[in-house]
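Please read it alongside the sequence and the model.

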Amino acid sequence: MSRHTHQACTSFLAGKMATLDGSTIIARNEDNFVAIWPKRAIVHPAGESPEQPFVSRGNQFTTRLPQTTYQYTAVPDTDPSEGYYEESGINEKNVAMSATESAYTNSRVLGVDPLVSNGIAEDAMLTVVLPYIDSAQAGVKRLGQLVSEQGAAETNGVLFSDTEEVWYMEIVSGHHWVAQRIPDDAYAVVANQLAIEDIDFDRPQDFLTSAGIRQFVQHHRLTPGGGRFNSRHIFGTKTADDAHYNTPRVWYGHRCFTPSAFEEPTSMELPFIRQAEQKISIPEVEAFLGSHYQETPYDPLGTGSETERHQFRAIGLSRTQNSHILQLRRNVAPTLAGVIWQCLGNPAFSPYVPFYAAGDQLAPSYAANNAAYDNQNPYWAGKLLDVLSEAHYHQNRKLLDNFLKETQIAGFQRLSTGDTQTTPTAAELGHFNQETATAAFAQIQVQIGKLIQANGDLSKLSFTMDADL
């Protein structure tokens, strides 16, 4: 299997007062350049001896790691030959991290602070940050220090949260970065662009940056004008690719959560921070991450013209390998606070399964080696489900919608049951996670069977025969 990088994602963040139950939420679709690139979901135990020094298999980024490690979950590539790409997880301190949202810096900035070929990159980021942080702000600062001191190999956005705060961080050049706390009553959608706008250097509780970034911008005359430090304008891009590949996904996210907003899908000035018109729930985030411009002419599976249906890049894709919603709840005991809603595949058709992050495992099937097709593996079951679901989308629409609703109900029922546990151990939560995985897999197998039967009846290699034959 040839190597393809991870460079096409969609992210969502919401503060605690913007959500239905007061949780903080960070979520992202991890998309690849190919439809099949197997992922696993694992738990690293606390105290795991770190590799010293850590050396990235992707670009030889090298750093020494702290000796003390917290337990954390991760979703690495099955094939680690060019990097772990652990991507998303929650640690034992109830800190969540998702990395990365790939983005692009303009040429005038990279001309004076180019990216560093062996600097920190997506393949190593979660591995060298999440096991060592006890708050979202600490995550921003640890990663920021690595970027400032050793350089960055890529322009990236990174999501952090704890039970109180949500932060979005952007690496904007070889050695500089900015970060903004998402207001408690707001949400943000990001799609492969630098998104943070005005930085207020007098509000360190809401904005963090690399040292000397203002002087760097002033010295190299990088501010386009207006007297503001607008990070997006200073460091970002405005290209035709942005207008057709990136901004439409932000527009559609705003359409989902702030439907009264009058915006254009190709606008280069869509706001980073938005207020939702009603409290945001997990099913609504799931629906957004699996969306493809439904009820608009731009739906690739819709009824628009040939040009309209292929004008914009959809959100849920066949190339989505790992879609996750990392929820940190404030109305339960700390041991039960972290929930990973994990989808392996395209969330347009595949379900999210809830796991307690404090468990010592998600499930053996999720951690298993799955380099080759295996119909008992959840990654491959999800991919099979995606292919069968898309094959006759319109004819099977009710079947598809009912399945997602039924799996959502089952997921909330599992959490309702799990939340009744009093001071459960990591092993007990791990066992509960395994039972959740087993039940979800059974639902997927039933749906696969229904789709095989439905699609068989819709085959074009069919013929209405004489009743007497």
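## E164 and R330

E164 is partly exposed, at 37% relative accessible area. R330 is partly exposed as well, with a value of 37%. In this predicted model, the two residues form a salt bridge, and their closest N and O atoms are 3.9 Å apart. E164 sits in the loop between β9 (156-161) and β10 (166-171), and R330 in the loop between β14 (320-328) and α9 (334-337), so the bridge ties together parts that are 166 residues apart in sequence.

## E263 and R274

E263 also takes part in a salt bridge. Its partner is R274, and the closest N and O atoms lie 2.6 Å apart. Both residues belong to the loop between α6 (240-257) and α7 (282-289), so this pair ties together parts that are 11 residues apart in sequence.

R274 is at 21%, so it counts as partly exposed.

## E306 and R309

A salt bridge joins the side chains of E306 and R309, at 2.7 Å from N to O. Both lie in helix α8 (residues 306-309). They are three residues apart there, so about one helical turn separates them. E306 is exposed, with a relative accessible area of 52%. R309 is buried, with 19%.

Some residues are linked in a network of salt bridges: R181, D184, D200, R203 and D206. Side chains of opposite charge can pair when their charged atoms come close.

Six strands make up an open sheet, in the order β7-β8-β9-β10-β11-β13. The pairing is antiparallel. Which strands form the edges? They are β7 (88-90) and β13 (207-209), each of which pairs on one side only. On average, neighbouring strands of the sheet are turned by 15° against each other, direction ignored. I90 has A96 in β8 as its bridge partner.

Two helices lie across strands of this sheet. Helix α2 (residues 122-129) lies across β7, β8, β9 and β10, and runs at about 165° to β8. Helix α3 (residues 136-150) lies across β9, β10, β11 (177-181) and β13. The angle between α3 and β10 is about 10°.

R313 is located in the loop between α8 and β14. Is R313 buried or exposed? Its relative accessibility is 7%, so R313 counts as buried. The side chain of R313 makes a polar contact with the side chain of D31, at 2.7 Å.

Neighbours within four places in sequence aside, which residues does R313 contact? D31 is one of them, along with A8, C9 and T10. The contacts also include N192, H244, Y245, R249, Y293 and R319.

Technical notes
Residues numbered from 1 in each chain as written. Predicted model: local features only at pLDDT ≥ 70, side-chain atom pairs only at ≥ 80, totals over all residues. Heavy atoms only, no water. Salt bridge = Lys/Arg side-chain N within 4 Å of Asp/Glu carboxyl O. Helix = DSSP H or I, 4+ residues; strand = E, 2+ residues; numbered from the N terminus. Buried < 20%, exposed > 50% of the residue type's maximum accessible area, 1.4 Å probe, protein only. Pairing = 2+ DSSP bridges. Axes fitted to C-alpha atoms, helices over the stretch in contact; angles between N-to-C directions. Contact = heavy atoms within 4.5 Å. Polar contact = N/O pair within 3.5 Å; in protein donor to acceptor, adjacent residues only side chain to side chain.
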